[in-house]
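Please read the following briefing alongside the sequence and the coordinates. The points are grouped by topic, beginning with the contacts between chains.

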Amino acid sequence: MNPFVLSILLLSLGLGTTLTFASSHWLLAWMGLEISTLAIIPLMAQHHHPRAVEATTKYFITQAAAAALILFASTTNAWITGQWDINFNLHAFPASLLTMALALKMGLAPVHFWLPEVLQGLDLTTGLILSTWQKLAPFILMCQIMPVNSSLITFLGIASTLVGGWGGLNQTQLRKILAYSSIAHLGWMVLVMQFNQQLALLALVIYIPMTFSTFMIFKTNSSTTMNTLAASWAKTPALTAITPLVLLSLGGLPPLSGFMPKWMILQELTKQDIPLTASVAALSALFSLYFYLRISYAMTLTISPNNLNATTPWRLQTTSSTLPLAISTTISAMLLPLAPATLALLSP
Amino acid sequence: MAYIMLTLLIGMVLGVISVASNPSPYFAALGLVLVAGVGCGVLMGHGGSFLSLVLFLIYLGGMLVVFAYCAALAAEPYPEAWGEWSVLGSVLGYLLLVFGGVSWFWGGWYEGAWVPVDELIEFSVVAADSGGVALMYSLGGGLLVVSAWVLLLTLLVVLELTRGLARGA
Amino acid sequence: MTPTHFTISSAFLLGLMGLAFHRTHLLSALLCLEAMMLALFIALSLWSLQLDATGYSTAPMLMLAFSACEASAGLALLVATARTHGTDHLQNLNLLQC
């Protein structure tokens, strides 16, 4: 792709999300969402092979329908209450419509079906943008409309954690597994959003470096299925040793930083006296843990047999920059002791 | 006036049903033309002559020419109109849904809600909608810039998406 | 609930249902999206007209510009899909499921 076009597209991605962040008017928020959807479309289809074009088409139709639904809900709200402000208390019916539309935009559970298929058709860099940056704008909008309809939100969160665990169980395609992991993490964020928005933000802030390092690890190994990961010990031994830490951090095991949001969220849910929801969410994390463990097993805990020539690629110098990956793996493995500081940073 | 508005509104719902009931794209485009034309009438009835003109010129003049072009791209030998059973079934289903909605809200219509009540229309020099659209060039300058940017962006998007022919896509 | 508001809401929701259920052609799905945007244009215009909110007459114009962008991106995707898949039938978009 032409670098000028690429820079315009990336600038527009930033512009769209920033516009949604900065807006207090629903029309402007809708414009931001539309700009970021339009800007990522050529990035998704940049290799022009049939799977990429198909994924782009599916993504476009879903996002366009969700954006139109957002505008329709806010128009209905304006028709009922006469207000266009995002922070103004919404009428109940448009608020439910908005919640469902934002869930469709982010890929939460009852309306998540587009996300694994779309992610499967993309290359890993665009998939990374799709599963981190593109979620920010609908996430912030959802935070802002939160005080209404709590039961719908709880349903979305629980269904997302369950589906995100369940769907990834039988997958061997890494991008689909990452899509389901994204669904499950968003479910956790949405679950706590109505009680404590700092915790939802904390979960998002921890989720982004973990996902970044996972995508970058797979990109460094240039592998998109689980069985190509088995040869990664010969390509990047140090990274192969660190990968289980990152994956189990995504799964939320204690000494790693992915444990921090799950711990805080479970504590908050118990504090709000809804132990059933908390237990279902905690148990559904086990599903996710299963497939993270399976990736770790295939990648690190076994050394697959290899011929003599193929055991030496790690001696070759890599050309890509590894500094971002180093920083993000460190963050996603060792942030737990900094939990009080992180919380203090995020609270207003 | 109330009868005209009633006819226009019913025509609008029928037009959207004819688009939504999955006929062949030619006929769906025809239904969309119907919706746009009727929508112009509705806007006229509410006193928005400028917005109605914009809808007529830009929408019918620009958009549907493109869609007619693309309907030719997606041509099929045996087009399905609304007489086919599969299409007719969904038309009847959607009609039933709309009737259900109407009967749900029946009796809850506001008094005199068929025609807009506008006492101030004689006192203003400029019509409300054309004056409001003109505000886009003064107060809404930022929004105008954003729209121009998104039009440029769409140009690049379309060019990037459709240029793969030489590479075998 | 005025009859006008009911008509616009049902027009939008019918377009959404048409998009969600049983599409054969990608072009039909795009036409349904266009019907939704048209209903939104009329809704925004009528909101500003009925409330005499002069400044809000700008909103439908901007929305029309954005929906035109969306429609053209959709048509470009239609062309790209017709090139890669040979047809615009939505049931042929099945490479990614597994």
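Across the interface of chain B and chain C, the rule finds 0 salt bridges, while the count of residue pairs in polar contact, both at pLDDT 80 or more, is 4. The model is a predicted one, and the values below are computed from it.

**Interface of chain B and chain C**

- Chain B and chain C bury about 5,600 Å² between them, and 80% of that area lies on carbon and sulfur atoms.
- N22(B), H46(B) and F67(B) supply 11% of the area that chain B buries against chain C, which is more than any other three residues supply.
- In terms of residues, the contact takes 70 from chain B and 55 from chain C.
- On the side of chain B that touches chain C, the elements giving two or more residues are α1 (2-20), α2 (25-45), α3, α4 (85-105), α5 (128-134) and α6 (141-162) of chain B.
- The largest share of that side of chain B, 11 residues, comes from α3(B).

**Interface of chain A and chain C**

- Chain A and chain C bury about 3,400 Å² between them, with 80% of it on carbon and sulfur atoms.
- Three residues, E54(A), F72(A) and W79(A), supply 22% of the area that chain A buries against chain C, more than any other three residues.
- The contact takes 38 residues from chain A and 39 residues from chain C.
- The elements that give two or more residues to the side of chain A that touches chain C are α2 (26-44), α3 (50-81) and α5 (114-120) of chain A, and α3(A) gives the most, with 20 residues.

**Salt bridges**

- A search of the whole structure finds 4 salt bridges over all chains.
- One of them joins the side chains of E54(A) and K58(A), at 3.1 Å from N to O; both residues lie in helix α3 of chain A, 4 residues apart, which is about one turn of the helix.
- K58(A) also forms a salt bridge with E117(A), where the closest N and O atoms are 2.7 Å apart, and this pair links distant parts of the chain, since K58(A) is in helix α3 and E117(A) is in helix α5 of chain A, 59 residues apart.
- E54(A) and K58(A) are both buried, and E117(A) is buried as well.
- A further salt bridge, at 3.9 Å from N to O, joins the side chains of K271(A) and E268(A).
- K271(A) and E268(A) are separated by about one helical turn because they are 3 residues apart in helix α13 of chain A.
- K271(A) counts as exposed because its relative accessibility is 58%, whereas E268(A), with a relative accessible area of 8%, is buried.
- Salt bridges that share partners join E54(A), K58(A) and E117(A) into one network.

**Chain B: composition and surface**

- Chain B has 6 helices and 0 strands, and 40% of its 169 residues count as buried.
- Among contacts in chain B between residues at least 6 apart in sequence, 69% join residues at least 24 apart.
- Chain B exposes about 9,200 Å², of which carbon and sulfur atoms supply 75%.
- L53(B), F56(B), L57(B) and I58(B) form a nonpolar patch on the surface, with about 390 Å² of accessible area together.

**Backbone and packing in chain A**

- Most residues other than glycine have a negative phi.
- S222(A), which is not a glycine, has a positive phi near 45°; S222(A) is found in the loop between α10 (197-220) and α11 (232-235) of chain A and, at 60% relative accessibility, counts as exposed.
- D273(A), also not a glycine, has a positive phi of about 65°; D273(A) is found in the loop between α13 (259-271) and α14 (275-301) of chain A and is exposed, with a relative accessible area of 63%.
- S328(A), in helix α15 (residues 323-334) of chain A, is buried, with a relative accessible area of 5%.
- Not counting residues up to four places away in sequence, S328(A) touches P209(A), F212(A) and S213(A).

Key. Residues are numbered from 1 along each chain as its sequence is written. Chains are lettered from A and ligands numbered from 1 in the order in which they are written. Side-chain values use heavy atoms; hydrogens and water are left out. Patches are made of residues with over 30% relative accessible area and no salt bridge: like charges are joined within 9 Å, nonpolar side chains (Val, Leu, Ile, Met, Phe, Trp, Tyr) within 5 Å. Accessible areas come from the Shrake-Rupley method with a 1.4 Å probe; for residues, only the protein chains shown count as cover. Contact means heavy atoms within 4.5 Å. Buried area is the accessible area (1.4 Å probe) that two parts lose on being put together, summed over both. Buried means under 20% relative accessible area, exposed over 50%, partly exposed in between (1.4 Å probe, protein chains only). A polar contact is a pair of N or O atoms within 3.5 Å; within protein, one must be able to donate a hydrogen and the other to accept it, and residues adjacent in sequence count only if both atoms are side-chain atoms.
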